[in-house]
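Biologist: I'd like to know what the labels on this thing actually rest on. Please take me through them one at a time.

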Number of protein chains: 2
Amino acid sequence: MKTTYTIKEVAEMFDLSVSTLHYYDKQGLLPFVDKNDVGYRTFTPSDLNFIHTICCLKDTGMPIKTIKTYISLCMQGADTIPERRALLNAHRDAVVAKQARLEESLQEIDEKLNRYTDPAARGLIESEIEFVTAEKSAHHLANPFVTQ
Amino acid sequence: MKTTYTIKEVAEMFDLSVSTLHYYDKQGLLPFVDKNDVGYRTFTPSDLNFIHTICCLKDTGMPIKTIKTYISLCMQGADTIPERRALLNAHRDAVVAKQARLEESLQEIDEKLNRYTDPAARGLIESEIEFVTAEKSAHHLANPFVTQ
DNA sequence: ATAAACCCTGAACCTTGGTTTATAGCAAGC
DNA sequence: GCTTGCTATAAACCAAGGTTCAGGGTTTAT
């Protein structure tokens, strides 16, 4: 059996740089990775599963320190299942909230795009500019629009 | 008419800090905000609309520099509508892609949570630990699990 | 008329998440 | 055995997005 991977192979698999993997190891995210007799990191297929999980947590915005905590719980055996659940549940809630905010903001962007795409866009924008200008003027504030 | 706002009021409205607004101004995000005779920033209702847009773009991950570009286009009048559209469209695509990745990762987190919530979780995790341990051993690598 | 609370600027500082650089030890092909 | 390419560590560096601090005016309530 020769199913192990070098750091470069792993980096390519997960679209990370070798330095990022070094960095993650230094941050304590890869306690499961052992080194061979000359000090090279030797990644097993199970290590890839852990790294996949790390990427998944990272991609959903979990900070390195929290990922480290999670991995550390994993290394402590089945007794930590309740803590892992609690940690992931809290993160899940955060991700769902983030999704909601993202969806909301996306809809606003879409509304703006619709306004810009409207055949009457130019007129709409021009009257908006007039409105803002009038408001500024009413408060004796400078007109913010570029007048060329 | 007394409908203007101080920086502190605006900060509270948008859940930003006063320093963040100062920072944004310094970065060129608030060219529309004028100052009163003693140099205090005076925010009008239209300014709030712009700030709302800025927050919306920021919350969807647009970098400060790009937001600056967008605002700058807005200040240049209706002629820049095509460029604003292009910018927002590109951003929209990025946000949709981000949503997809987030959704994908969320599902994986949910799968992990389901495993941990399973009545047989302990058994599952324990046999996983055994598997990993065997794999490490087969490659003459250290057992990564904490043995207490 | 004075203290407390607010505003300003500029510069220094901070955190996160890496990347780069320098130096050196292995490995594989020719 | 030499070159090329991989690996390692440590430390310096970087960019983004703010925050904090120092020094100094303003406004408001008492």
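Modeller: Let's start at the DNA: α2 of chain A, together with α1 (7-13) and α2 of chain B, each supply at least two residues of the surface near DNA strand C. This is a predicted model, where local features need pLDDT of at least 70 and side-chain atom pairs count only at pLDDT 80 or more, while totals for chains, interfaces and linings use all residues. Residues are numbered from 1 along each chain as its sequence is written, and chains are lettered from A and ligands numbered from 1 in the order in which they are written.

Biologist: What makes a residue "near" a strand, and which ones come closest to DNA strand C?

Modeller: Its C-beta atom, placed from the backbone, has to lie within 6 Å of the strand. For DNA strand C, 16 residues surround it, and the closest are A:Ser19, A:Ile64, B:Thr6, B:Lys8 and B:Arg41. The largest share, three residues, comes from α2(A). Helices here are DSSP runs of H or I with at least four residues, strands are E runs of at least two, and both are numbered from the N terminus.

Biologist: What makes two residues count as "in contact", and how many of chain B touch chain A?

Modeller: Their C-beta atoms, placed from the backbone, must lie within 7 Å. By that test, 51 residues of chain B are in contact with 51 residues of chain A. The largest share of chain B's side, 20 residues, comes from α5(B). And 100% of chain B's interface residues are also interface residues in chain A, so the copies meet through the same surface.

Biologist: Why is B:Lys98 called partly exposed?

Modeller: Count the other C-beta atoms, placed from the backbone, within 10 Å of its own: 20 or more is buried, 12 or fewer is exposed, and in between is partly exposed. B:Lys98 has 17 such neighbours, so it counts as partly exposed. B:Lys98 sits in helix α5 of chain B.

Biologist: Which residues of α6(B) are buried, and how do you know where they sit around the helix?

Modeller: B:Ile125, B:Val132 and B:Lys136 are buried. They cover an arc of only 40° around the axis, so they lie on the same side of α6(B); the arc is taken from the directions from the helix axis to the C-beta atoms. The exposed residues on the other side include B:Glu126, B:Phe131 and B:Ser137. The buried ones pack against β1 (34-35), α3 (45-59) and α5 (81-117) of chain A.

Biologist: How do you know what span to expect for α6(B)?

Modeller: The expected span is 1.5 Å times one less than the number of residues. α6(B) has 18 residues and reaches 26 Å from first C-alpha to last, close to the 26 Å expected. After α6(B) comes B:His140, with a positive phi near 60°.
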